[in-house]
Amino acid sequence: EAEAVADEDGARATELLPGWSPAAARRLGAAAAKLTVYYNPGHAEAAARQRRVARTFVEACRAEDLVALVAVFTYPLPASDPDAFAALRPGLIADAAGEFS
């Protein structure tokens, strides 16, 4: 994936590298591919975009018979109180695990 950069709302977007794909990885002998996804369901548009990117990645890996590893990281939005986010984080992680498995 390309570097995920936060936008003005603090949402992070994972993008697949141009010219790189699970098919290219398979041609080089890979048995698996990994995608890092930053996820906060509090930003609905970004969360939906991240789910689409992950789905596209997993489907492309499946088509190439590659193991697809999706590493999901939660993050706070800019207006989040650090203590409030810390309290919510275990639930966000559990929800993200369910969403992306």
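Reader: Which handedness has the unit that β3, helix α2 and β4 make?

Author: A crossover is right-handed if, with the strands pointing away from the viewer, the path from the first strand over the helix to the second runs clockwise. Helices (H or I, at least four residues) and strands (E, at least two) are DSSP runs numbered from the N terminus. Here β3, α2 (residues 44-63) and β4 form a right-handed β-α-β unit. The model is predicted: local features need pLDDT of at least 70 and side-chain atom pairs pLDDT 80 or more, while totals for chains, interfaces and linings use all residues. Residues are numbered from 1 along each chain as its sequence is written, and side-chain values use heavy atoms, without hydrogens and water.

Reader: In which sense do β3 and β4 pair?

Author: Two strands pair if DSSP finds at least two bridges between them. β3 (residues 32-39) and β4 (residues 67-74) are parallel, with 8 bridges; V37 stands opposite V72 in β4.

Reader: Which element supplies the largest share of the lining of the largest pocket?

Author: A pocket is an open set of points on a 1 Å grid over the protein atoms alone, where a 1.4 Å probe fits, with protein on both sides within 12 Å along at least five of seven lines; lining residues have an atom within 4 Å of a point. In this model α2 supplies that share, 6 residues. The lining includes R51, R55 and F100.
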